[in-house]
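Load the model in a viewer and keep the selection panel at hand. The stops below go from pocket to hairpin, rings, cavity and backbone.

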Amino acid sequence: MKKLRYRYSLRIEFDSPITNHNFKVRCTPVTDERQKILQQNIHILPKEFLCENRDSFGNIYYFGRAEHPHNLFEIVTEGIAQTGLAQGTASRESYQLGLFTRQTSYTAPDGALIEFYKDLSLEKYSTSLDKSLKIMDALQDRFSYVSGKTDITTTASQAWNMGCGVCQDYSHIMLSLCRMAGIQSRYVVGMLIGEGLSHAWVEVADHGVWYGLDPTNGIRVLEDHIKISHGRDYEDCLINQGMFTGNARQKQSISVHVEEAGEEK
């Protein structure tokens, strides 16, 4: 087990004042079997009205409204999480499980990805977790991490045909392959120990437990990851959504820092 100190910061600057700003932010880790949030603070500015709720997947989100003119919108969430408490989390959402075997617009495969799946010979593996580990290993061998080639609209098939991408692309490709195998799998957004941006990985269900797999790094999700949210794909886990009145251009910056605060023996 580890204690991880985290800080997530999102800053949006507008080049002219905006008003009637309605926003929804999803950047708050939750306590489950694998992680326990020991301490947490969230700061949202401006926040003339703010309310907390949970979406249909159980993710915490805040929605609010800022009516008065402002040029800056900022979110900072920070705290301490104890991680590595279990290898996975219990699968309680029986009514939702069918959602996680269906392809979405992000994960729907084309010919090249389907041919790659056929070559995996997954029939040799008996459990969903073993099949998923095979998929992750094969993806590591055939796909490369390169930033700047894809964006938030890139699908699994588009990234696969380019042969490179970032964590979002690794995760969408792995979801596509898992779902072709009939494996219940979902997209996860969170934070990884170190400094940079938010991170994405995959959870797969096997015998009533969701196991985290990080295809970008080719590792199991155990102690070094802090989970924020999950859904069918990237779109279900958007950190920030909003609309406002005003003719303004936006400049967005994100910063994530996670460091070890001390090990639990």
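Start by selecting Ile 152, Gln 168, Leu 197, Ser 198 and Tyr 234, which lie nearest the centre of the largest pocket, among 29 residues that line it. The model is a predicted one, in which local features need pLDDT of at least 70 and side-chain atom pairs count only at pLDDT 80 or more, while totals for chains, interfaces and linings use all residues. Residues are numbered from 1 along each chain as its sequence is written, and side-chain values use heavy atoms, with hydrogens and water left out.

The volume of the largest pocket is about 820 Å³. A pocket here is an open set of points on a 1 Å grid over the protein atoms alone, with protein on both sides within 12 Å along at least five of seven lines; a cavity is a set of points where a 1.4 Å probe fits but cannot get out, and lining residues have an atom within 4 Å of a point. Grid points are joined across faces, edges and corners, and a volume is the space filled by probe spheres set on the points.

Next, colour β1 (2-25), α4 (167-180), β9 (185-192), β11 (199-206) and β16 (250-263), each of which supplies at least two residues of this pocket's lining. Helices (H or I, at least four residues) and strands (E, at least two) are DSSP runs numbered from the N terminus. The pocket lining divides into 17 nonpolar, nine polar and three charged residues. In that count Ala, Val, Leu, Ile, Met, Phe, Trp, Tyr, Cys and Pro are nonpolar, Asp, Glu, Lys and Arg are charged, and the others, Gly among them, are polar.

Two strands pair if DSSP finds at least two bridges between them. Leu 50 stands opposite Gly 64 in β4. Five residues lie between the strands of this hairpin, where Gly 58 has a positive phi near 90 degrees.

**Aromatic rings**

Show the side chains of Phe, Tyr and Trp. Rings (for Trp, the six-membered one) pair if their centres lie within 6.5 Å; planes under 30 degrees apart count as stacked, over 60 as edge-to-face and the rest as tilted. By this rule there are 10 aromatic pairs. Phe 49 and Phe 63 form a tilted pair, 6.2 Å centre to centre with 55 degrees between the planes. This pair links Phe 49 in strand β3 with Phe 63 in strand β4, 14 residues apart. Phe 49 is partly exposed at 43% relative accessible area, and Phe 63 is partly exposed at 29%. Buried means under 20% relative accessible area, exposed over 50%, and partly exposed in between (1.4 Å probe, protein chains only).

Move to Phe 116 and Trp 160, a tilted pair at 4.5 Å centre to centre and 45 degrees between the planes. Phe 116 belongs to helix α1 (residues 111-118) and Trp 160 to helix α3 (residues 156-162), 44 residues apart.

Two charges over rings come next. Lys 24 lies over the face of Tyr 61, 4.4 Å from the ring centre, and the charged end of Arg 186 sits over the ring of Trp 210, 3.9 Å from its centre. The criterion is NZ of Lys or CZ of Arg within 6 Å of the ring centre and within 35 degrees of the ring normal.

**The cavity**

Trp 210 is also one of the residues lining the largest cavity, including Asp 32, Arg 34, Trp 201, Glu 203 and Lys 227. The elements giving two or more residues to that lining are β6 (88-90), β11 and β12 (209-214), with the largest share, three residues, from β12. The largest cavity holds about 60 Å³ of space.

**Backbone stops**

Select Leu 45 and Pro 46: the peptide bond between them is cis, with omega near -10 degrees. Pro 46 is in the loop between β2 (35-45) and β3.

Finish at Asn 20 in strand β1, a residue other than glycine whose phi is positive, near 50 degrees.
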